Amino acid sequence: MINFSFDGKTYQAEKGDTLAAALLRNGIGLVGRSFKYHRPRGIMTAGVEEPNALVTIGDGGRTEPNTRATDVFVYEGLVAKSQNRWPNLSFDIGAVFGLAAPALSAGFYYKTFFGSAKRWMFYEYFIRKAAGLGNAPTKTDPDHFSQRAAFCDVLVVGAGPAGLSAALEAAEAGKRVILVEQDNILGASLIRDGQDLDGAWVDATQARIRAAGGRILTRTTASGYWEHDLVTLTQRIAEPGQTPPHGVAQRLWHVRAGQVILATGSIERPMAFAHNDRPGVMLSQAVRTYVRRFGVVPGKRVVIATNNDDAYKTAYALKAAGAEIVAVLDARPAPAGADSGLPVYNNAVPLSTKGARHCLKSVTARVYGLTQSWDADLIAVSGGFTPVVHLHMQAGGTLDWNDAAQAFVPASSRQNVTTIGGAANPEPVFNVVPVSKPKKSFIDFQNDVTLSDVDLAWAEGYRSVEHLKRYTTLGMATDQGKLSNMAALGRLAEKQGVAIPEAGLTTFRPPYTPVTMGLLAGAGAKDAGAHVRRLALYDVHAAKNPIWQPLGYWFRPRAYPVGSETLAQAAMREAKAVRSNVGMTDVSTLAKFEVTGPDAAAFLEIICATTVGKLAVGRGRYTFMLREDGFVFDDGTVWRLDENRYLLTSSTGGADRMATHISYVRQYLCPHLRVSAVNVQEHYAGIAVAGPQAKAALAALIGEEPPRHMSTVPAMIAGVPVIVLAASYSGERAFEIYVEASHAGLVWAACEAEVSAQGGALYGLEAMEFLRIEKGHLVVGGEVDGRMTPHDLALDKMLNKAGGYVGASGLSRPAFSEAGRLQLVGLEAIEGNIPEGAMLVTGEGASPQGHVSAAAFRIMDGGSVALGQLTDGFARHGEELIASSPTRGQMARVRVVAPHFYDTAGERYRD
Amino acid sequence: MSQYSAFGLLRGALNGQKHWQPAWRDPEPKSHYDIIIIGGGGHGLATAYYLAKVHGLKNIAVLEKGWIGGGNTGRNTTIVRSNYRLKPLHDLFEFGLKMWEHLSDELNYNVMFSPRGAMFLGHSDADMTKLAERGDAMRCDGIDADLMTRDEVRKLEPLLDMSRSARFPIEGGLIQRRGGTARHDAVAWGYARGADSLGVDIIQKCEVTGFVRDGDAVVGVETTRGRINAGRVGICVAGHSGHVAGLAGLKLPVESQTLQAMVTEGVKPMINSVIMSQSLHCYISQSDKGGIVFGGDPDNWPSYAQSGNPMVMERAVAQGLALVPALSRLRMVRTWSGVTDMSFDGAPIIGETPMKNLFLNGGWCYGGFKATPASGWTYAHTLATGKAHALNAPFALDRFERGATIDETGSGPMPNSR
Amino acid sequence: MMQFTCPHCGPRDQAEFIYERTVDAVVSLDAAPEEAMKSLFTRNNPRGVDEEIWRHTYGCRAWMVIARNRVTNEISATRAVGPEALP
């Protein structure tokens, strides 16, 4: 015996019980409340299509609301709670909505609650509280969800007799086979139906499939069929709420299959009659499943309502289990069921049920036009069978109408998929047109949609099946319309006076059954799928406990505070060290490309909008790149390391984009050039040394005269070969040292020793930002925002006059030379500190004419300065504006100036 | 048109709700209309409504190849907001947002516009500065926007992961309190009912298969229900703009891509606002039925196949769970996808085409739903007068060749923004 | 998620590839400005087959042209591009 609890009370289950079976075993018929009217509901099915018996399973971070009691196997200690009721399941205040049902017809909310948006929100507050089903957990999920990829020749979905046979045949033909079954046993329908094939056959078949190398996955649902025969499987390793054995609760499989065989069977249909939603109304095959598989008899006096032969098996199973069959209501005319030995009534369709205390008391039917009633505690209903065609349709298939079965069956598909077994050949049935009161005849049980709701939608013009679905919410519940769609189509067709296939069909979209979000996220739930790239010098920095700053995929030191320094204090100290002495920083994340070959210069003059060809060996220069539409999209430096060998650097944030761009231009646009362009971003680590003492420090490090500004030399530091570039972002005499990343630690240590010896400091991104703003250097993502032309950024004089670079043809567009463009300016505070990101306005209430792209302070002299974009800014130097940030309650009076605040003549670069 | 009211519902409670009339007629197409709008989505129906209501035109048809509201109107994440950085965008969307605030009354159809706040989360100081910039741009143009501290964010959405060690720690946010969600289908249906009552013919199952031309002018359309002549024709079929414009021989700055969204099973209220992120591309809200509605990136490659893609979906869910870990045990119950017109600057196109009497409304990327009223209003103005309204003038088709793109993200002409 | 056949690596999940643009959107380096802008800003965008440039970014990094039906996702041809594919 297994102990579990339901609504706080402990019960016992048998091994192998679903929660539904266990509840029925304990005589519990009332399990949940419906969504809209809070009607009492019981267990209707024995499968994933269950609309009513939804419970919350587990506790803490493993809480799974809305779990179908028919789709969870009981384990020791399982905790289940009913939901959507208050104060308790048998007495639910929410049931008053049921009394108001005549006014709360389909789409009622579209017709009322008018007034302001705030007024709707008042009503909405109560509607939201009443809606929803279970409560979501608030604690962190303690479990993991794994994802796995697999390939196979044949994927078989469904391990009934057809699926087992197909899997066996394929496996023994030497194919790689995966067989999946959503149940926890194979061949469960054989137990239910008691056919010629039995458990021994299932065991033997299973063993042979495994012996032939086939993989069998139980508790695994093929939930999505995607392009090119990719099927996603969701595998339950632990039951809902259960502690998983190895920490992994579920596994998501992406299976690329050569061929997919669907043996997905069918789902039994309910019938529409008044009060067909009461506990005690069950589907026929479900009843049979409880009787034969679980040994639970859900009723003592049973009425069977059917339009087919299958339900007779249920009657026999019940009878064999000791229940009394008081009537078999067979919708078919005589002699159907004549020789069954059961009390069969032909031309009989159920009209209504009566109940008391959430139990069924009697069933009324129309038999040959006359009304007749029976006392009963269970009605087992079979309205025919709906083939499970979901995956076939997700794969882009079409359907045929099978008139004998009154069902859609799979027809063609554009993918490599076939459907076999009951899903392809459903049982013949007799078409039953409901005769009961439409207002009480439910078709979507969970969402409380009745036949009269369909009628109302029709009367109001919502006649397309999609309109009907959306207007009535039919099929939108957690059972995804598995039980309701065909009933609605039938009613719609009846209204239209057409056959069902002409009434239309809604689309089938993944998933087949609801999929746990944590499973879809997998490990990505922890880092949003954005893996951090680690600096080569990560450990060196980490030992200094810096303030880190995210930058694209990277984290870089933002500042290295000493003692109790704040970020601002540390950054300013670091920046002052650079201005007055020497500082060093890690610039490893810059994009870097090594371009070699006889056509290297020609290639670079396509990528870069500036000239490159005239560079002498050992020299470098600033450059920028345009998108094909002529806007500046990145900048950097280009260096001629050797006759036919160049190094191109560009921004960190744009590194991946630039790598793709360079590869595209080289591979697609210029395949004829004799050049190779290699992305060496992470091959080299980079260290910048900047400040008036940088030259001395570098001389000591490399043991020779350092290169002059914008020159490069190969050198050795700490016995490691390096490339030294004399380039400056800070505005001081500065060097960038590039070293193979694996040796970066040695070079860093040597540099740090020398910088300390000079009395200098490490500096981070924040100080670098101060330095570059004061100097007026651009940053990609700041001033270079993808909307600025070379002219807007005052870079146009550097453009290669010969043209031929990417983006040149975009520059001649008329809007590029019209008045009113944003242009790069400097801003100097007259009063207040300039807030970064603030709008530039002429006065209170005026529309912005530009904005502050970056703000800082003069490092040695103090005073707030900034760079910005301003409409027609080049011609407005000297003008006074307000930099206004209403969201932060900050503003400053500013003067428009040239975008350089430090060493405008560039004298500090020179020796 | 029978007026909708609570009284009507109570009356219906007594008569079995039998007194309601069809929300719109099902007319046969006439041989000539003054204005034909191709596309019976929210935008096309709104356009027809305002043409009739504001411009007094009577002889108007909306041609819909399937059923109204069946395209992207019924396949989005229902978010309504105007929190854009660039002026032409926030002006257009703000005009629309103001209309949303009274739309239910205007249409006598509850579109359930629920301004419970549209919040962008910031995950670093740099994010917060960018959010402040966006908010400042809005505020200076008279649009509400407020920066939020971490504590304010936590108070509004207690289930967000506020830990400092998160991969994308939450440093604060920017909220537009007047933003929120609406009921997407209701917008199409409400406009349809309103337009129909003003005499507009809404013709479903009527696909346009070609244009009737007289020189460089369009004088009508060929449809699956025959030729229909028209004074002016407005294309309004976002997702398929390229296809329909192609029937007139036009090539557009548009690539069609699939955008997926999904919803979980319903749960009691847990998400109170619309959550978006400055660094991640996912958006999360909770519907009135309790489902958590989730969206992410478009597929980033051209497609008309509404078949969806697990890779894109799993990435969006990973991002969402990184923000709201409590979503882990909810179950995704339904997915859908729409074919979106990805324009080459991320902004819509509303205005004239090189052909006389042919107009275009499209290129909405993944942001068209919220613009429905403003799109209809400005397009109606354009169709009625032959000239752009001040609000849609910047969104002219020729802005691309002119170089006057409206590029909110600055990512340039490739919609997949490599 | 589709499956592409990389001319160099064989069949691989689409997740390894990144879409670049359609062949009709290629701006050749010697195009006149008007023509370049036309290529950049107009698309055939057919509801049918188009030639697309993809890159096996998370694989061999090579570029290729794939002819794909945008409605059915059927792939009718794949060809390598780049220096190695020159005649």
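How many residues does the contact take from chain C, and how many from chain A? The points below answer this and go on to the rest of the model, which is predicted.

1. **Chain C against chain A.** The contact takes 22 residues from chain C and 22 residues from chain A. On the chain C side, helix α1 (residues 33-41) gives the largest share, four residues. By class, the side of chain C that touches chain A has 15 nonpolar residues, five polar and two charged.

2. **Chain A against chain B.** Here chain A puts in 96 residues and chain B puts in 90 residues. Helix α3 (residues 117-130) of chain A gives the most to the chain A side, with seven residues. That side divides into 40 nonpolar, 33 polar and 23 charged residues.

3. Strand β29 (residues 515-516) of chain A runs antiparallel to strand β16 (residues 331-343) of chain B, and two bridges join them. Look at Val515(A): its bridge partner in β16(B) is Met332(B). Strands of a sheet pair through backbone hydrogen bonds, either parallel or antiparallel.

4. **The sheet in chain C.** Four strands form an open sheet in the order β3-β4-β5-β6 (chain C), with antiparallel pairing. Strands β3 (18-22) and β6 (75-80) of chain C are at the edges, and each pairs on one side only. From one strand to the next, the twist averages 30 degrees. Inside the sheet, β4 (residues 49-55) and β5 (residues 63-69) of chain C pair over seven bridges, in the antiparallel sense. Glu51(C) stands opposite Ala67(C) in β5(C).

5. **The parallel sheet in chain A.** This open sheet has five strands, ordered β15-β22-β16-β17-β18 (chain A), and the pairing is parallel. Strands β15 (281-283) and β18 (344-345) of chain A each have a single partner strand, so one side of each is left without a neighbour in the sheet. Strand β17 (residues 324-330) of chain A pairs with β18(A) over two bridges, in the parallel sense. Leu329(A) has Tyr345(A) as its bridge partner in β18(A).

6. Helix α8 (residues 310-320) of chain A lies across β16, β17 and β22 of chain A. The angle between α8(A) and β16(A) is about 170 degrees.

7. **An enclosed helix.** Helix α10 (residues 451-459) of chain A has seven buried residues out of nine, so it is largely enclosed by the rest of the structure. Leu451(A), Ser452(A), Asp453(A), Val454(A), Asp455(A), Leu456(A) and Ala457(A) are the buried ones. Note that the list includes Asp453(A) and Asp455(A). The cover over these residues includes β27 (442-444), β28 (449-450), α11 (465-472) and α12 (485-496) of chain A. Just after α10(A), Gly461(A) takes a positive phi of about 95 degrees.

8. Is Pro87(A) buried or exposed? Pro87(A) is exposed: 8 other C-beta atoms lie within 10 Å, and the cut-off for exposed is 12 or fewer. Pro87(A) is found in the loop between β7 (78-82) and α2 (96-99) of chain A. Leu24(A) is 63 residues apart from Pro87(A) along the chain, and their C-alpha atoms are separated by 23 Å.

9. **Chain B overall.** Chain B has 11 helices and 18 strands. Its radius of gyration is 21 Å, close to the 22 Å that the globule rule gives for 418 residues, so chain B is as compact as a globular protein of that length. Along the principal axes, its C-alpha atoms fill a box of roughly 65 × 65 × 40 Å. Buried residues make up 68% of chain B. Among contacts in chain B between residues at least 6 apart in sequence, 75% join residues at least 24 apart.

10. **Nonpolar cores.** The largest core has 410 residues. Those with the most contacts inside it are Leu604(A), Val689(A), Ile737(A), Ala883(A), Ile36(B) and Ile38(B). Leaving aside neighbours within four places in sequence, Ile38(B) is in contact with residues including Leu63(B), Val208(B), Val221(B) and Val244(B). Another core lies apart from the largest one; it has 14 residues, among them Trp301(B), Cys6(C), Met64(C) and Ile66(C).

Terms used:
Residues numbered from 1 in each chain as written. Chains lettered and ligands numbered in written order. Predicted model: local features only at pLDDT ≥ 70, side-chain atom pairs only at ≥ 80, totals over all residues. Contact = placed C-beta atoms within 7 Å. Nonpolar A, V, L, I, M, F, W, Y, C, P; charged D, E, K, R; others polar. Pairing = 2+ DSSP bridges. Axes fitted to C-alpha atoms, helices over the stretch in contact; angles between N-to-C directions. Rg over C-alpha atoms; globule rule 2.2 N^0.38 Å. Buried ≥ 20, exposed ≤ 12 C-beta atoms within 10 Å, placed from the backbone. Core = buried A, V, L, I, M, F, W, Y, C linked by C-beta atoms within 7 Å.
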